[in-house]
Amino acid sequence: MTIPERSDSAAPAPVPATVPAEKHDSEALLKVTGLRKHFPIKKGLFQRQAGAVRAVDELDFEVRPGETLGVVGESGCGKSTMGRLITRLLEPTAGTVEFEGRDITHLGVGAMRPLRRDIQMIFQDPYSSLNPRHTIGTIVGAPFGLQRVSPPGGVKKEVQRLLSVVGLNPEHYNRYPHEFSGGQRQRVGIARALALRPKLVVADEPVSALDVSIQAQVVNLLDDLQQDLGLTYVIIAHDLSVVRHVSDRIAVMYLGKIVELADRDSLYRAPLHPYTKALMSAVPIPDPRRKNARGGRVLLNGDVPSPISPPSGCRFHTRCWKATEICGTTEPPLSEVRAGRQVACHHTENPEAPAPPVQRG
Amino acid sequence: MTAFLDVRDLKVHFPTDDGLVKSVDGLSFQLEKGRTLGIVGESGSGKSVTSLAVMGLHTAGQYGRRKARISGEIWLDGTELLAAGPDHVRGLRGREMAMIFQDPLSALHPYYTIGKQIVEAYRIHHDVGAKSARRRAVEMLDRVGIPQPDKRVDSYPHEFSGGMRQRAMIAMSLVNNPELLIADEPTTALDVTVQAQILDLIRDLQREFGSAVVIITHDLGVVAELADDILVMYGGRCVERGPADRVFHEPRHPYTWGLLGSMPRLDRDQQERLVPVKGSPPSLINRPSGCAFHPRCPYADVPKDDVTRTVRPELTEVGGRHWAACHMSAEQQKRIWAEEIAPKL
């Protein structure tokens, strides 16, 4: 275990928001170039590297201030790894992560600490992400202690204010996580993430552990907080309908790659990548009258291939109904087909043909 | 003349240190062969407890030394299961009625091959040799769409992906041609593209085998795909039941409205805001008085005289084979749905 160096020198300024905002108005808040994460697989007596899980492979994208970028994909596509890379909870194998124009890819733990104020994370499971032995007050107040920030009026008052912002009773200050339901716990996690007024919040499956009726409460809460506090979100989820509801732009991932990146409306109206189309048409429609009138469903065969040895060429070609020879040999680059629409495919879907599930109700 | 599966006033209560947990508290429903019933509700609403009760899996006293208290009647094909002895129910379980569980990884035994587990399920109920049982296992794996079934029959569960495991479990549950199949959140652990495959598979198999299917889920999309009838559970009771089309297009209970409003939908234009149900699910130990939904119901004050807080509403028929347990009059329900709820969906 390495003990993080005490770099008091790296965090001299207790003043929040060290970078002047105006300077970067036109720039992306977060810029990711060629981001890659390979987890080594070690084998044998000498722990030689026998291969690698290529969880994230060459990602390029930007997150603009004030927007919500949704990231969707099936399990194992690398979306959570991506979230952990941009929050620097994992060390990238290659590529760069720039936050407000500053390269943060290889900052050490100490140098990263002041930036932790600006980049926060909301976790999927509200049961395992809150320490069961700490009170809600301690949990939500922890960021202040770690960052040595003393909010005006004291930590307790600020924590109680945060609790009421996320719709909890300030009197819950002294309670323990087990006294709360899943939805309430997720609100506690959100309050903790917002404590230091971050600029970027990365939420990894923030609602997938919650019941439908509670899910809607939390989605609305995230929405309100973004408007009130001017937050920028990266929301990682597998649920396409939730992602559509919360996002401005959406990145679709498959086996460690972004296969399509577009603004929400054009993506859902006319997906260009065959995988996006298949993913959307697989979502069950909550309307029994449409049960039999679903000619356009694209049913994929088989499962997602292993990220240890991803298919050659286009990684989707083993399951794609449009695949031709070139797909097996040449990897399609993520290229801009129209303003704001990036697709990585040799045979993009006809943009004029609407996707089957997006019919007007 | 009873229905193929007829559950009458089922109650499942668990004694705990904090009090009696009334997980299911007076549930009745019927299901005929060849039909699919979808049971929807949030966690803790009693969906899974109901299915385990039908399968006779509560009585073994697995909750410490204290047993679940079960009352009511469960009729399967003319036999009452709660009064029948455990040996009799064991003879039916797996042959007459089978279950698909949510998490195939924990429902399959990690030490035995898939084939061995399917063979075991088959030989318990059929007096056949090992070879022909194995042939049957391969045939079933092939039927549920596992590639190279003669090879994969010797694989262990960890060698299968999530979707394949769920297929293997479906193969195991169908190996004895059960007449009742209960699927408890069969696709919740799966990705959407795999979920679509499994839902198609369940639908095809039902058409082929003509069994009665109960599908338990929290996902309204899944029930809309599969179910002929829908039963909405809240706090251990049925709040609305009816043909799928009516429950989706003319729902009568405010909780059903809440579920429909909470859900972001891909088949509609972007909604501005979701309409969540306020508050959290009820305690099953101290149920709210009167209608269990009244603390969360925006229309709790519509009926007169505080009746929602004092009197428990009974299921009443509101139209052809459609029941709802709500104190509001049919006119009020229809008006609120048409004027206030439907336009927002």
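Student: What is the relative accessible area of Asn177(B), and how should I read the value?
Tutor: Relative accessible area sorts residues into buried (under 20%), exposed (over 50%) and partly exposed in between, with a 1.4 Å probe and protein chains only. Asn177(B) has 40%, so it is partly exposed. The model is predicted: local features need pLDDT of at least 70 and side-chain atom pairs count only at pLDDT 80 or more, while totals for chains, interfaces and linings use all residues, and side-chain values use heavy atoms, with hydrogens and water left out. Residues are numbered from 1 along each chain as its sequence is written, with chains lettered from A and ligands numbered from 1 in the order in which they are written.

Student: Where is Asn177(B) found?
Tutor: Helices (H or I, at least four residues) and strands (E, at least two) are DSSP runs, numbered from the N terminus. Asn177(B) is in the loop between α7 (162–174) and β7 of chain B. Its phi is positive, about 50 degrees, although Asn177(B) is not a glycine.

Student: What is phi in Asp306(B)?
Tutor: Asp306(B) is another residue other than glycine with a positive phi, here near 60 degrees. Asp306(B) sits in the loop between α11 (254–262) and α12 (307–310) of chain B. With a relative accessible area of 41%, Asp306(B) is partly exposed.

Student: Is Ser173(B) buried or exposed?
Tutor: Ser173(B) is buried, at 6% relative accessibility. Its place is in helix α7 of chain B.

Student: With which residues is Ser173(B) in contact, leaving aside its neighbours within four places in sequence?
Tutor: A contact means heavy atoms within 4.5 Å. Beyond those neighbours, Ser173(B) touches Ala98(B), Met99(B), Ile100(B), Pro178(B) and Leu181(B). For a distance between C-alpha atoms, take Ser173(B) and His125(B): they are 48 residues apart in sequence and 12 Å apart in space.

Student: How are the two faces of strand β6 of chain B arranged?
Tutor: In a regular strand the side chains alternate between the two faces of the sheet. Strand β6 (residues 97–100) of chain B is covered on both: Met97(B) and Met99(B) lie on one side, Ala98(B) and Ile100(B) on the other, and all are buried.

Student: In which sense do β6(B) and β7 of chain B pair?
Tutor: Strands of a sheet pair through backbone hydrogen bonds, either parallel or antiparallel. Two strands count as paired if DSSP finds at least two bridges between them. β6(B) and β7 (residues 180–184) of chain B pair in the parallel sense over four bridges. Within this pairing, Ile100(B) has Ala183(B) as its bridge partner in β7(B).

Student: Where does Ser51(B) lie?
Tutor: Ser51(B) is in helix α1 (residues 47–54) of chain B. At 2% relative accessibility, Ser51(B) is buried. Leaving aside neighbours within four places in sequence, Ser51(B) is in contact with Met99(B), Ile182(B), Asp184(B) and Ile216(B). The C-alpha atoms of Ser51(B) and Trp337(B), 286 residues apart along the chain, are separated by 31 Å.

Student: In what order do the four strands of the open sheet in chain A stand?
Tutor: The order is β2-β1-β4-β5, with antiparallel pairing. An edge strand pairs on one side only, and here the edges are β2 (48–63) and β5 (102–103) of chain A.

Student: Over how many bridges do β1(A) and β2(A) pair?
Tutor: β1(A) and β2(A) pair over 11 bridges in the antiparallel sense, and Lys43(A) has Arg48(A) as its bridge partner in β2(A). Their hairpin has four residues between the strands, and in it Gly44(A) takes a positive phi near 80 degrees. Strand β1 (residues 30–43) of chain A also pairs with β4 (residues 94–99) of chain A, antiparallel, over five bridges. There, Lys31(A) has Glu98(A) as its bridge partner in β4(A).

Student: How many helices and strands are there in chain B?
Tutor: Chain B has 13 helices and 12 strands. The radius of gyration, taken over C-alpha atoms, is compared with a globule rule of 2.2 Å times the number of residues to the power 0.38. Chain B has 21 Å, close to the 20 Å given by the rule for 345 residues, so chain B is as compact as a globular protein of that length. Of those 345 residues, 55% are buried.

Student: How many helices and strands are there in chain A?
Tutor: Chain A has 10 helices and 12 strands. Of its 361 residues, 53% are buried.
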